[in-house]
Every structure is written in structure tokens, then in C-alpha cells.
Amino acid sequence: MELKWLNTICNCVLLSGLTLCVMFGTQRTLALDIHTPAEVIIENGTTGILKCSFRSKEVVSSAATVTWSFRRVGSVTPSSIFYFGNGKAFPGPPQFKERVHFIGDLNKKDASIQLSQAQFSDNGTYFCDVKNPPDISGTPSHTELKVVLKESLPPDNTAIIVGAVCGAVIGLVVIAVVTYLIIKRHHTRHDYEGCTSMESVSSHAPQPRKKVESRLEGSRCSSPSGPLQGPVIYAQLDHSGTKGPNSFHKMEPVVYADIRKN
């Protein structure tokens, strides 16, 4: 009975160890990730790029390889159209031999190719497969290629974006100029009002003097009109001719001097 339990325990330990080894080993081989765009649209007769990038935990070596395959519309099995390894490109069948070129850089994790003079017969699915030993178990990534006429191309948003950016910049410039002019006009008006207020203060400052002058003018108006008259000196004359103590002195005021002022 005890031997049975021991055998069962040993089997469990061995199974657990084997499971861990498989998990770590699989995780290491599946460390290669390959990415391509879901769809690429190329105008008929022009040149397009089929992009492919990958990620690998291993340093890219000269043993790394790139394989591109093509599956026609309605076909089941893809066929190789391009192979790159040891720094050399190996073209595929005549349909793609002179039109497919490698433009990627494996050191930058780029495995893209260029397809020139696109034709309607190029429509289909393209597979990108990268091997970077010991990362060799990555799943190939695929992209759908559509070769269309120029009229069928989706609208280019670049012109719209550029126009929107230019319009925004022009709008900001106009707003800045208008704001500057308003601020400048406000400061000019403020300075002008400051000058007029100072002039009004200076004009109101001598008001008391004017009041005094107005009073003097009022007093002058009460006097007879004519040239301004200076101070007058009066004297009294004695017409009695006697010098006795009981004599009556008749005094009469007369003008002694009249100093006139022009």
C-alpha cells in the first residue's frame, strides 16, 4: 500500500516537472511576434509597400530569414514569392521576380518588401514569416492586398489635415493681430484721457484767482465808467482869513492832487 502511494507521488512530481519544462520551452519558442497591416490598397500600375515587423527576445543574427508567400483570391494553398537569408534576396516566380524588392532591415526588426507596377492579378493574401533562431516558432502574419483604380482609392486625408492646420495657424495669427491692435488702441486712448485730465486740472487750478478778479471787476463796475483812477489826495482850505480864537473857520475840502493811471 505504501509503495502505491510512493509511486503515485513520484508520478505526480515527474508530471509537474514535465509540464513546467513544456511551458517554459514553448514560451521561449513563441517569443517571436510578427505583425502586418490588415489591409493594403495600391493604385493599379503604381508602387506599394507591404509592411512587416517582428519582435524577438533574441539578438538578430545572420541566420535570420524572411519568407513572403502569396495566396490568390479563391486559392487555398499559398506559394512562396520571396525569400531573404544571409543578407541575400532570392526572387520567386516570374510573376513577382522583377517586381518584388526587399526594403526592410532585420537589425531594426523590419521585414517589409516593395511591390512595383501593381496589377489586378496581385490581389490576394500575403504572408510574412520570420525566423530568428532559436526563435523559429512564430506564427506568420498576413495582409490583404487590393489593387484598384485611381477613382476607387479612399480619399486622402493629408490635404484636409494640412488645410485644417494652415487655417488654424492663420486664425491664431489674425486673433493675435486683432488683440494687439485693441490693446494698443486702449493704451492710446488711456494716455489721451490722462493728458486731458491734466489739462482740466491745470485749467481749474487758478479758479480762486479768477473769483478774486471777478470780485474786483464787480467792484469796478459799480464805479463810473471811464479811465482807471489812481489814489486821490484831499486837502482842506480855510476861507475865514482870521486867526482869532473866536472866529469861525470855514473849511472846504478840495482836491489837492489827482494821480491818474492809464
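Helices (H or I, at least four residues) and strands (E, at least two) are DSSP runs, numbered from the N terminus. This is a predicted model: local features need pLDDT of at least 70, side-chain atom pairs count only at pLDDT 80 or more, and totals for chains, interfaces and linings use all residues. Residue numbers start from 1 along each chain as its sequence is written, and side-chain values use heavy atoms, without hydrogens and water.

**Exercise 1.** Classify the ring pairs of Phe-70 with Phe-96 and with Tyr-126.

*Solution.* 
- Step 1: Rings of Phe, Tyr and Trp (its six-membered ring) pair if their centres lie within 6.5 Å; planes under 30 degrees apart are stacked, over 60 edge-to-face, the rest tilted. The whole structure holds 6 aromatic pairs.
- Step 2: Phe-70 and Phe-96 are 5.3 Å apart centre to centre, with 65° between the planes: edge-to-face. Phe-70 lies in strand β5 (residues 65-72) and Phe-96 in helix α2 (residues 94-97), so the pair ties together parts 26 residues apart in sequence.
- Step 3: Phe-70 and Tyr-126 give 4.6 Å and 35°: tilted. Tyr-126 belongs to strand β10 (residues 124-131), 56 residues from Phe-70.
- Step 4: Phe-70, Phe-96 and Tyr-126 make one aromatic cluster.
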